[in-house]
Structures are given as C-alpha cells and as structure tokens.
Amino acid sequence: MKKLLIFLMMMSVALLSACSISLGPVTSENTTTKLAGTYTTGVIMPPNTGITVDDNISSLQSQITATISLRQASTFAVINYHDIDTDDIEGDVAASSGSCVIYKKILNSNNTYTYYVLTNRHVTENGNSFTIMLGDKSNVDAELVGESTLHDVAILRFTSIESSYESVEILDNSDISIGQFVIAIGTPMSLKYYNTATLGIVSGIRDGLIQHDAAINSGNSGGPLYDIYGNLVGLNVSKLSENADDKVSIEGIGFAVAPDALRESIIEIEANDPGYEIKPVLGISVYPVQNILTVAAMTKEEYISQGGTASDYDNIVGYKEMISSDVTSGLLVTNVDSNGVSYRDGLEKYDVILSVDGNTISKNADIKSILDSKTVGETIVFSVNRLGKVLNITVTL
C-alpha cells in the first residue's frame, strides 16, 4: 500500500506543511468580532497604582481562555477524500485532514445557514469530496468553492441548520505587530487532537506571511492564527522542520498567510464562483425592542420561571441601557459584521432600526421580508435612532 506523502517543500531548509495528514486508506463504503474585554500589553504598572504583575497576568490568562473557548466554535477540521494509486486494493479512497475557519455566514430563505470556510489549497488539492468535522464530532458534506495558488488558499462551504457557528473578523497587516501574542487552533497529527490550541508570538512579517512560534504540526494547515481577542491574524500554512544539509531540527518557526494576502485570495476565488452570495445579506444581528422592554420589566426570577436563563436576562437588560427612553419599538442592532455591507455604509452596533424604506420595523420577520424582495446591488434606507438622534442610512446590498 502506497503511503501518502506529507506536503513538503525544499529551500535551504525543509519547509514542512502544517497541514494535510494521512488518515490511512478508507473503503468507499465507509466514506464561517472582537471579544469583549480589554487588556493592555507591554506595561507593568508601578507599585503605587495598586496593580501588580500578577493582576496583569491574570487578566491576560482570562482573555486567552475566553478567546479559545469562543473561537473553537469557528474552527473545524477538513477531511479530503481522494483516489490513491494502488494495484492491490480496488476502490480505496485515501483520507487526509487539515483545519479551517469560518469567514462568512449567510442566512438562507429556508432558515438554514451557509458557512464559508478558509483553508489551504494543499489541504483540498486533488480532492474528490470533502467533509467538515464540527465541534460535536459530527461530519457535514462540504463543497469546494475554489482555490488560489498564489497564496495557497482555498474556500469550502457547507450548509447547516445550526446557527451558533460564527464568522471571524480578518485584521489588516497594519494591525499586526512583532511580539504580540497569537493563538493557533487546529487539528494536528490526527482527528484525536481536534481543535488543539497553542500560544506564541509574532516573530516577523514578510513576503505575505506572518512568522510566529505558536506550535503547529501536520494537520494545522488551513487553521486560524488569532490575536488574543479572537481576530484572525493569519491562516497557518507551513513550518520549518530541519536543515536540509545537516538534518538539524528546527523549532518555533511557523508561517501563516497574512491578512492582506487572504483578502486578495478571497476576492479572486469569490469572483469566479457564480453561486456565491446570490441573496443580499446585511451582516447584522438584531433584537426586537418590544421584547427587550418586556423582559426588562420582569425580575430575573420571573424570567427564569418562564424558561429563560440568568445570563440571557442579564444580556437583555444590558441591551435596554443602549436604548433611548423615547424609543418603544424597532430592532436593536446587537452586532455588526465588520466585513459586511451594513458596517461599510455606516450602520453601528446599538443603533435602533425604526424603519426600512419607509416601512415600520418591529420584528425580525419585517426586515427579512423586505430583504427577500431585494437583489445584490440595490439600496435600502434605514431610519435609525442613535443615542436619541434619528438618522437615515443608505446601504448598498
């Protein structure tokens, strides 16, 4: 039985792909925000402030833990099924795996979601079919949208009724500094190590790549490299493994495709996908103001007795603080996707949408019905209350 080769490139040193790993032959019968909170790095407060070094470390630890917990729900494993050239076993399919991360989430008219994920081209190369392993270890079929050879990037998409998976915010190269902390999440070596997280720092930025020392291994390719707030710093692609001449082992030199190169690849791939984002998407999350006011008028005990949770109650009461006292209906914007059209055209988190194209809005279905009548390229006009002031915002879909 022929062995699958781990992706390998040779320069003056051996450059080992962080990704596709062989899972062995399998018979065909078995065969897409910043986190809340702030942390200031680089400063040890003087003793008279009352802030100790331990306090700073504890704050950093809490932020890292929160980021890993959140972003493990945006990071998955990719399994590539492809033919292998064997003479002794007919009909075998080889399976190799890598990692991926959601960068776009679309709500479909049938209330399912289409998720677009980034991975490496060498993860999807020669694949006949693909599945995505989700957080509950179930697998869902995925479709290859396209590949970009320039930066070793590929895009897959899958559809699910699950709404809890979230897309990530892609930073700019200018947002990244040498020495900043980064977190790699992926599935190294085998599916047994699904969504392993490691911590490191940015060591350099060169040639469209982010150099870092967070531990990555075969299987990490296509997986995300995050900052400590959960923003996407890069897409892990390879590591230096050993000197090609004297076989000296090399540690702590990994590489990720940089944000600007990722965007270039996304634009290239999406431009060649006729099925991409046929329906317009606003890229916002909303909550009915009337529901917020109703819950806020209850005690926490009353809300819980009706089937709610304490944390939901606290979140909803917090939303009420964002609403002007004279506003009694509409939709509160609770999140704005920084990669979406609403963010681009000026809609902001905690705006209250009063009307769309002159039509009064009070529940989610109102805005959905208006959006369903639109096509990509058309405009809609939002009337919003922002901190007590009514504004009209035009968004091009």
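The side chains of Arg-344 and Asp-345 meet in a salt bridge, 2.9 Å from N to O. A salt bridge here is a side-chain nitrogen of Lys or Arg within 4 Å of a carboxyl oxygen of Asp or Glu. Asp-345 counts as partly exposed because its relative accessibility is 25%. The classes are these: buried is under 20% relative accessible area, exposed is over 50%, and partly exposed lies in between, with a 1.4 Å probe and protein chains only.

Before I go on, the conditions. This is a predicted model, so local features need pLDDT of at least 70 and side-chain atom pairs count only at pLDDT 80 or more, while totals for chains, interfaces and linings use all residues. Residues are numbered from 1 along each chain as its sequence is written, and side-chain values use heavy atoms, with hydrogens and water left out.

Back to the charged pairs. A search of the whole structure gives 11 salt bridges. One of them joins Arg-386 to Glu-348, with the closest N and O atoms 3.5 Å apart. That pair links distant parts of the chain, 38 residues apart: Arg-386 is in strand S20, residues 379–386, and Glu-348 is in the loop between helix H7 (341–344) and strand S18 (352–356). Helices (H or I, at least four residues) and strands (E, at least two) are DSSP runs, numbered from the N terminus. Glu-348 has 41% relative accessibility, so it counts as partly exposed.

Asp-357 and Lys-374 also meet through their side chains in a salt bridge, 3.1 Å from N to O. Again the pair links distant parts of the chain, 17 residues apart, with Asp-357 in the loop between S18 and strand S19 (359–360) and Lys-374 in the loop between helix H8 (364–372) and S20. Are the two partners buried or partly exposed? Asp-357 is partly exposed, at a relative accessible area of 33%, whereas Lys-374 is buried, at 16%. Elsewhere, salt bridges that share partners join Arg-121, Glu-125 and Glu-147 into one network.

Now H8 itself. Its buried residues are Asp-366, Ile-367, Ile-370 and Leu-371. Seen down the axis of H8, they fall within an arc of 130°, so they line one face of the helix. The arc is that of the directions from the helix axis to the C-beta atoms. The cover over these buried residues includes strand S17, along with S18, S19 and S20. Contact, throughout, means heavy atoms within 4.5 Å.

Helix H6, residues 310–320, can be described in similar terms. Tyr-313, Ile-316 and Tyr-319 are its buried residues. Their arc around the axis is only 120°, which puts them on the same side of H6. Among the elements covering them are strand S16 (284–288), helix H4 (289–296), helix H5 (300–305) and S17, residues 331–336.

Next, the core. Which residues of the largest nonpolar core touch the most other members? They are Leu-118, Ile-155 and Leu-232, in a core of 29 residues. A nonpolar core is a set of buried Ala, Val, Leu, Ile, Met, Phe, Trp, Tyr and Cys residues joined through side-chain atoms within 4.5 Å. Elements that each supply at least two residues of this core include helix H1 (53–71), strand S9 (153–160), strand S14 (232–243) and helix H3 (259–271). Leaving aside neighbours within four places in sequence, Leu-232 is in contact with residues including Val-101, Leu-118, Val-168, Ile-170, Pro-224, Tyr-226 and Leu-262.

Some individual loop residues. Thr-112 is in the loop between strand S5 (92–107) and strand S6 (113–119). Thr-112 counts as buried because its relative accessibility is 13%. Apart from neighbours within four places in sequence, the contacts of Thr-112 are Ile-106, Leu-107, Thr-159, Ser-160 and Ile-161.

Two residues other than glycine have positive phi. Lys-137 has phi near 75° and is found in the loop between strand S7 (129–133) and strand S8 (139–148). Lys-137 is partly exposed, with a relative accessible area of 46%. Asn-195 has phi of about 55° and is found in the loop between strand S10 and strand S11 (196–206). Asn-195 is buried, with a relative accessible area of 6%.

Last, the totals. The protein chain has 8 helices and 21 strands. Of its 397 residues, 47% count as buried.
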